[in-house]
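User: I'd like to learn how to read a model like this one, feature by feature. Could we go through it together?

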Amino acid sequence: MHPAFSVIFLTTLIGVGQGLFLALITGQVYSLANLLQPQDSVSFYAMGSALSLVFLVVGLFASFFHLGHPERAWRSAAKWRTSWLSREVIVLPVFMFLVAVYGAVHYFGLTKPLFVVQGVIEVDATLILGVLGAIAAFALYVCTAMIYASIKFIEEWHSPLTLINFTLFGLASGFMLAAAFSAWNGVDLVGFFGAWAVIFTFAAGVSRGLSLRRNRRLVHKSTLQTAIGIRHNQIEQKAQGFMGGSFNTREFFHGASIKTVRMVYWFFLIVVFVLPVLLLGASHWLVSPYLPVGLCRTVPGVAGRALVFLCGSETSAEPVLPVHGLRICCTACTNNSFIFL
Amino acid sequence: MTQLALVIDLNVCVGCHACVTSCKEWNTSGWAGPLTDHRPYDKDPTGTFFNRVQTFEVGEFPKTETVHFPKSCLHCEEPPCVPVCPTGASYKREDNGVVLVDYDKCIGCKYCSWACPYGMREIDEHQKVMKKCTLCIDRITNETLPEAERKPACVLACPTSARLFGDVHDPDSEVSMAIREQGGYQLMPEWGTKPANHYLPRRKTRIQIFEDELERANNPLRKEAPLPAAEGETLDDVSF
């Protein structure tokens, strides 16, 4: 695959935004249960929501760049009954709205308990909005992931692992950002968010490994024989029917060399899974949750997710013959070692 | 219900690309146009096409066969490109089963092209909308044209009549008969997309002649008259 960079930015940035918001809510719920100290509404929750919103807005903004007609983007909410893309288009603004309102309510300090459940849990407006936002955040992970997972012909994506990967990578990078945000804010939650970030990173590593293994072992349903319906073991393409490439050769083949792909494969495995954990360990050892360390932890998380999308949480980073129906026909005669990125 | 479709006879196709050029000519100036080109007279020419002919070599040299394979939208009965479209720009016509794109609604997100396992959709780099074979919807539904011309441009252009057009749901149509009697098949049936277009396979036609058929079996003397050539020049040899 050769997705536009805007799509990579979109899925990465909104994933981080969702993860950060979920981290904030987790913090609030923990403090409600007296497991963590309550944090300041304005400087922590309101600012955190604003930061989350920045990621969501930038992601949404980026997404417009892969459209041929961005001015018609509003139309894309029409077919929510059948299209996961349409569902994402609806859920994203709803989630952004909830994050904005949640941040605003915190900012204006409207945190007086509305009612008390069983005499213990003081429910205020932010908690209700936060829970709704958390549901929307998970719904958005599902929608974004299902855009890819629902395409059954791209067998590398058509798996529950795509959903799990999307959610875990979003959570991992979001919680890392939350840890960095706490460090910057001088809040004593770096350890809490950092620990969760490591857990999510580890879980993401496992699910990523599983999907890589699945893709390596994948036996494609379609072959050149079924694609053109000629039952012969030896078929060789001699002409694509055009000289200078077509939409298919541009859209479905990234054109990178096997060497580059191998490099990207190892680079992202190290940057996404190994480096953040090492940096976290280093900051723990130095006992100095300073901002630089926090940022160092976040940046690889974010960059890593971009790479993961690029080369494979949803597809295979292993050289896979483009056994994808007639798309084989488009390039088979020029290069048979292209892979889906 | 009507399901219009093409039936392409691979046994007859000679790979002349007449269907490609006639398709481009008709559609670039018609309802579905323009089909823009980029660098048409330069290095790496490229552009939007609804129909392309690819060539395959089957078997090992010298025992090979060359198969020319025209490919265009198959107008699936269960088109996977339609439900994924977020705007409803991609749709299947109820009355004749043709899968079309509404250029005024398409946002150019390319999602439908990911969902098509056949790679039949192409974005137009100029108009920034997704384009695909319309089965010449503006020809086949145009009642001002004579009946014989209400066919896709590619079908009319094919010099070997390798392309048939008709309703595959009507068991008595030319296309249904061809599918039934000449082994018509669908592409990648394993995905359940039920392509409406069918292909007719390569087939060998041999006449088997036995020795006794060369001489008349009921000739009582087992003796044929000498062939005219054996008697010297005939009128055919001297006239021209």
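**Reading the strands, the helices and the chain contact**

Analyst: Strand 3 (residues 235-239) of chain A and strand 4 of chain B pair in the antiparallel sense over four bridges. Strands here are DSSP runs of E with at least two residues, helices are runs of H or I with at least four, and both are numbered from the N terminus. Two strands count as paired if DSSP finds at least two bridges between them. Please keep in mind that this is a predicted model: local features need pLDDT of at least 70, side-chain atom pairs count only at pLDDT 80 or more, and totals for chains, interfaces and linings use all residues. Residues are numbered from 1 along each chain as its sequence is written, while chains are lettered from A and ligands numbered from 1 in the order in which they are written.

User: Which residue in strand 4 of chain B is the bridge partner of A:Ile235?

Analyst: That is B:Val58. Further along, A:Gln237 has B:Phe56 as its bridge partner, and A:Ala239 has B:Thr55.

User: What is the order of the strands in the open sheet?

Analyst: The order is 3(A)-4(B)-5(B), three strands with antiparallel pairing. Strand 3 of chain A and strand 5 of chain B are the edge strands, each pairing on one side only. From one strand to the next, the twist averages 30 degrees. Angles are taken between N-to-C directions on a scale from 0 to 180 degrees, using axes fitted to C-alpha atoms, for helices over the stretch in contact.

User: How many bridges join strand 4 to strand 5 of chain B?

Analyst: Ten bridges join these two antiparallel strands, and B:Gln54, for one, stands opposite B:Phe69 of strand 5. The two strands form a hairpin with two residues between them.

User: Which parts of chain B touch chain A?

Analyst: Contact means that the C-beta atoms of two residues, placed from the backbone, lie within 7 Å. By that rule, 44 residues of chain B are in contact with 47 residues of chain A. Strand 4 (51-60), strand 5 (63-72), helix 2 (81-84), helix 3 (111-115) and strand 8 (122-123) of chain B each supply at least two residues of this side of chain B. Strand 4 gives the largest share, nine residues. By class, this side of chain B has 24 nonpolar, nine polar and eleven charged residues. Here Ala, Val, Leu, Ile, Met, Phe, Trp, Tyr, Cys and Pro count as nonpolar, Asp, Glu, Lys and Arg as charged, and the others, Gly among them, as polar.

User: Now the helices. At what angle do helix 1 and helix 2 of chain A pack?

Analyst: Helix 1 of chain A and helix 2 (residues 41-63) of chain A pack at about 160 degrees, with their axes 7 Å apart. That makes the two helices roughly antiparallel; angles over 145 degrees get that name, those under 35 count as roughly parallel, 65 to 115 as roughly perpendicular, and the rest as oblique. Among the residues of helix 1 that meet helix 2 are A:Leu13, A:Gly17, A:Leu20 and A:Leu24. This contact divides into 14 nonpolar, eight polar and no charged residues.

User: How far apart are the axes of helix 1 and helix 4 of chain A?

Analyst: The axes of helix 1 (residues 5-32) and helix 4 (residues 125-149) of chain A are 10 Å apart, and the helices pack at about 150 degrees. They are therefore roughly antiparallel to each other. Helix 1 passes helix 4 in a left-handed crossing, meaning that the near helix is turned anticlockwise from the far one by less than a right angle, whereas clockwise would be right-handed.
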